[in-house]
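Hello,

Here is the structure I promised to pass on. Please have a look, and then read my notes below.

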Amino acid sequence: MRVLVTRPEEDARSFAAALRADGHEVLLEPLLTVEPLPEAEAPIDLTNVQALVFTSANGARVLAERTSERGLPAYAVGDATARAARDAGFCDVHSAAGDVQALAKLVVRRLDPAAGVIFQVAASVLAGDLQGLLEAAGFQVRRAVLYRTVPQQAFSPGAIRALASGALDVVTFFSPRTAKQFVGLAKDAGIDGALGRLTAVCLSRAVAARVGVVVWADIRVAARPDQAALIAALPEVRT
């Protein structure tokens with residue numbers, strides 16, 4: 001398969017490597033750029049914190065740049081985020097292997113609200129209400145908004161040519177925000193009609209709902225919200 005990857009560049013590297021290892025051709029077209037927030041330069045306060053929670057790999061990377069603390073337990077939304085946390089030096093990392101609700105359930109099951117604060121690293125735009133879920137279970141959550149994701153304003157010329165000419169088979173989507181942005185950019189470029197030749201492979205039904213507003217040859221949803229399941233949902237490689 002010839003696959004277009006829409007993830008931010010940092011996240012796309014390992015995903016693209018896994019795709020290539022399975023025999024797929026890959027074109028990278030990051031639709032979001034991760035930027036630390038300049039107004040979030042105050043020292044990180046980890047006083048009375050019992051654990052860190054990461055809802056994205058970007059959160060783990062940004063926090064690692066802001067503090068030398070690596071000993072606190074870290075709870076990650078999925079395996080890719082857990083891997084990024086370990087790569088950043090966090091040594092006690094646990095994966096919920098799911099979504100924000102799965103992460104909240106893991107924290108509630110493993111930790112005691114009386115043992116201290118939960119420190120959540122967040123983006124300026126949140127995906128899910130992890131803080132609300134944990135506070136409803138009695139935890140105190142200290143949320144630090146440390147970065148933002150800036151959307152790309154247009155497709156690159158190479159992506160437009162590939163999408164319009166039939167040089168691709170599949171587009172992969174990991175978030176509803178990216179899926180919605182992709183559809184908007186395709187309409188702006190006047191190539192949304194060409195998507196009817198492509199398969200959209202999505203991390204979840206929420207993502208699929210965003211791409212489903214235009215016509216595709218097929219829309220597939222991963223059996224689980226993780227990278228391995230998304231790769232498994234790809235059509236078979238053409239011979």
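In these notes, rings of Phe, Tyr and Trp (its six-membered ring) count as a pair if their centres lie within 6.5 Å, with planes under 30 degrees apart called stacked, over 60 edge-to-face and the rest tilted. By this rule there are six aromatic pairs. One of them joins F173 and W216 edge-to-face, with 5.9 Å centre to centre and 80° between the planes. This pair links distant parts of the chain, 43 residues apart: F173 is in strand β9 (residues 170-173), and W216 is in the loop between α8 (205-211) and β11 (218-221). Helices (H or I, at least four residues) and strands (E, at least two) are DSSP runs, numbered from the N terminus. F173 and W216 are both buried (under 20% relative accessible area; exposed is over 50%, partly exposed in between, with a 1.4 Å probe and protein chains only). Together with F155 and F182, they form one aromatic cluster.

Please note that this is a predicted model, where local features need pLDDT of at least 70, side-chain atom pairs count only at pLDDT 80 or more, and totals for chains, interfaces and linings use all residues. Residues are numbered from 1 along each chain as its sequence is written, and side-chain values use heavy atoms, leaving out hydrogens and water.

Two arginines also meet rings. R7 lies over the face of F174, 3.8 Å from the ring centre, and the charged end of R70 sits over the ring of F90, 5.0 Å from its centre. The rule here is NZ of Lys or CZ of Arg within 6 Å of the ring centre and within 35 degrees of the ring normal.

Best wishes
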